[in-house]
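Good morning, and thank you for coming. I would ask you to look at the structure for a moment before we go through it together.

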Amino acid sequence: MNRKTSKQAFHEAQNIIPGGVNSPVRAFKSVGGTPIFISEGNGAYLSDVDGNKYVDFVQSWGPLIFGHRDESIENAVINAVKHGLSFGAPTVAETQLAQLVVDFFDSIEKVRFVSSGTEAVMSAIRLARGFTGRDDIVKFTGCYHGHSDSLLVEAGSGAATFGTPSSPGVPADFTKHTLLAEYNNIESVKKCFEGSSDIACVIIEPIAGNMGFIPADKEFLHELRKLCDENKTLLIFDEVMSGFRASINGAESLTGVTPDIVTLGKVIGGGMPVGAFGGRKEIMNMLSPDGPVYQAGTLSGNPVAMAAGFASLTKLKQNARVMAVLQTRAQRLVDGMSRVAKEQGITMQTAVRGSMFGFFFNENPVKNFKDATATDAELFAAFHAGMLDEGFYFACSLYETGFISTAITDEMIEETINAAERVFKAIKSA
Ligand code: KE4
């Protein structure tokens, strides 16, 4: 496939944008090769600046559940733009989208909009600390919650469960209140509670999409809930990625575990910058201006973004069966890819929840980040490159997740499986 123009565009971008990208994962560093520069998206397809077309299984990392240039979302944005871009003052559009979010999530009585998932999580943690009067937080190795300082941590040394900064520029003081536990391992969480009586919240991706795709075990989440209740600690479900992607009613509807705060993003903006965090009134009323916990944003609740999100969630509300259809397609995709991989002696571990899917090249099930880092990254990179050349755009890191949009048809799924068969054969004969 000719990607000359992308190569040139990447070279030029690197001169004036750090790494040539505005978000690191886009640079293809973990799979190798040159990132393709997109000229447009349409339905199920992305087109690059060299005129190549790809079936898109990334959908902007989740937001585009109805594919690119969905007519109802596009019309809503165009109409909103004609009334002005931003006012810095309340609009009914914010209340309308908030009502939809509240209707979909039993655990959410009030919701505050922000402009990104990072902002939503950062604010939710501050709210949890303000509500409980405690400072420590627990997160799980391998879960990603945006790039706010106290969440950029990696396992501390030795037995210590306290995190150390995973990035320069984050003072150790900013992560000394962050304890680390292991996903799907309740004993590691109990250890955190033994190490601190000052834990404000436990934050988790209940359906993890940032260490590859690893839904948490249901019983683990129930034990986590019980532990939080026993310690009067808040449980935060970070559903920025899984919200309206695994289920339209949240992980709580799939697991029976009710969080105290939920963070959202991506789909609720329909492709425009929107993040949100919500929970029961007694917690949310702690937020400024009614409560003492400060949080603010110039473009929070931006009317154009609200219009896109409202159109996106309204479409979901009107198509209650859509998640079942997407799940069936996702299952067909991963089952088909596993089958053709097995014919070449390659073992895949796969998982599906609603429109989300993931796969690892590994002999055994993958339950946490340590397992994920032990999977075959080289094979993943070769598969990614091969599928790209076949015209299929998968996430450019094994620590990401795949998505099915309503624009991806059964025929495209079959074409993808056939392409995967050719790619696995080529890999095995190389
Ligand atoms: P943003 O600040 O990127 O909008 O959201 C941060 C965030 C928070 N919580 C979860 C569970 C998330 O998945 C994310 C962001 N997801 C990544 C995809 N792995 C965004 C892609 C990127 O970083 O470019």
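This is a predicted model: local features need pLDDT of at least 70, side-chain atom pairs count only at pLDDT 80 or more; totals for chains, interfaces and linings use all residues.

Let me begin with a definition: a residue is called buried under 20% relative accessible area, exposed over 50%, and partly exposed in between, with a 1.4 Å probe and the protein chains only.

Residues are numbered from 1 along each chain as its sequence is written, and side-chain values use heavy atoms, with hydrogens and water left out.

I turn to the aromatic rings. A pair of aromatic rings is described by the distance of the centres and the angle of the planes. Rings of Phe, Tyr and Trp, the last by its six-membered ring, pair if their centres lie within 6.5 Å; planes under 30 degrees apart count as stacked, over 60 as edge-to-face, and the rest as tilted. The search of the whole structure finds 19 aromatic pairs. One of them is the edge-to-face pair of Phe104 and Phe244, with 5.2 Å from centre to centre and 80 degrees between the planes. Where do Phe104 and Phe244 lie in the chain? Phe104 is in helix H3, residues 92–104, and Phe244 is in the loop between strand E12 (234–238) and helix H8 (251–255), so that the pair links distant parts of the chain, 140 residues apart. For these elements, helices (H or I, at least four residues) and strands (E, at least two) are DSSP runs, numbered from the N terminus. Phe104 is buried, as is Phe244.

Phe244 has a further edge-to-face pair, with Phe105, at 5.4 Å centre to centre and 65 degrees between the planes. Phe105 lies in the loop between H3 and strand E4 (110–114), and Phe244 in the loop between E12 and H8, so this pair ties together parts that are 139 residues apart in sequence. Elsewhere, ring pairs join Phe57, Phe357, Phe359, Phe361, Phe380, Phe383, Phe394 and Phe424 into a cluster.

Rings also meet charges here. A charge sits over a ring if NZ of Lys or CZ of Arg is within 6 Å of the ring centre and within 35 degrees of the ring normal. Lys53 lies over the face of Tyr45, 4.1 Å from the ring centre. Likewise, the charged end of Lys315 sits over the ring of Phe66, at 5.1 Å from its centre.

Next, the ligand. How many residues surround the ligand? There are 16, and the closest are Ser23, Thr118, Asn210, Asp238 and Glu400; a residue is near a molecule if one of its heavy atoms lies within 4 Å of it. This shell divides into five nonpolar, seven polar and four charged residues. An oxygen atom of the ligand is 2.7 Å from an N or O atom in the side chain of Thr118, and an oxygen atom of the ligand is 3.0 Å from a polar backbone atom of Gly117. A nitrogen atom of the ligand lies 3.5 Å from a polar backbone atom of Tyr144. The protein covers 85% of the 530 Å² of accessible area that the ligand has on its own, as computed by the Shrake-Rupley method with a 1.4 Å probe.

Finally, some features of the backbone. Most residues other than glycine have a negative phi, and most peptide bonds are trans. Ser60, although not a glycine, has a positive phi of about 65 degrees; its place is the loop between strand E3 (53–56) and helix H2 (71–81). Asn184 also has a positive phi, near 65 degrees, and lies in the loop between strand E8 (178–181) and helix H6 (186–195). Are these residues buried or exposed? Ser60 is partly exposed because its relative accessible area is 43%, whereas Asn184, at 16%, is buried. A cis peptide bond, with omega about 10 degrees, joins Ser288 and Pro289, and Pro289 is found in the loop between H9 and helix H10 (303–318).

Thr401 counts as buried because its relative accessibility is 2%. Thr401 and Met211 are 190 residues apart in sequence, yet 8.3 Å apart in space, C-alpha to C-alpha.

Technical notes:
A polar contact is a pair of N or O atoms within 3.5 Å; within protein, one must be able to donate a hydrogen and the other to accept it, and residues adjacent in sequence count only if both atoms are side-chain atoms. Ala, Val, Leu, Ile, Met, Phe, Trp, Tyr, Cys and Pro count as nonpolar, Asp, Glu, Lys and Arg as charged, and the others, Gly among them, as polar.
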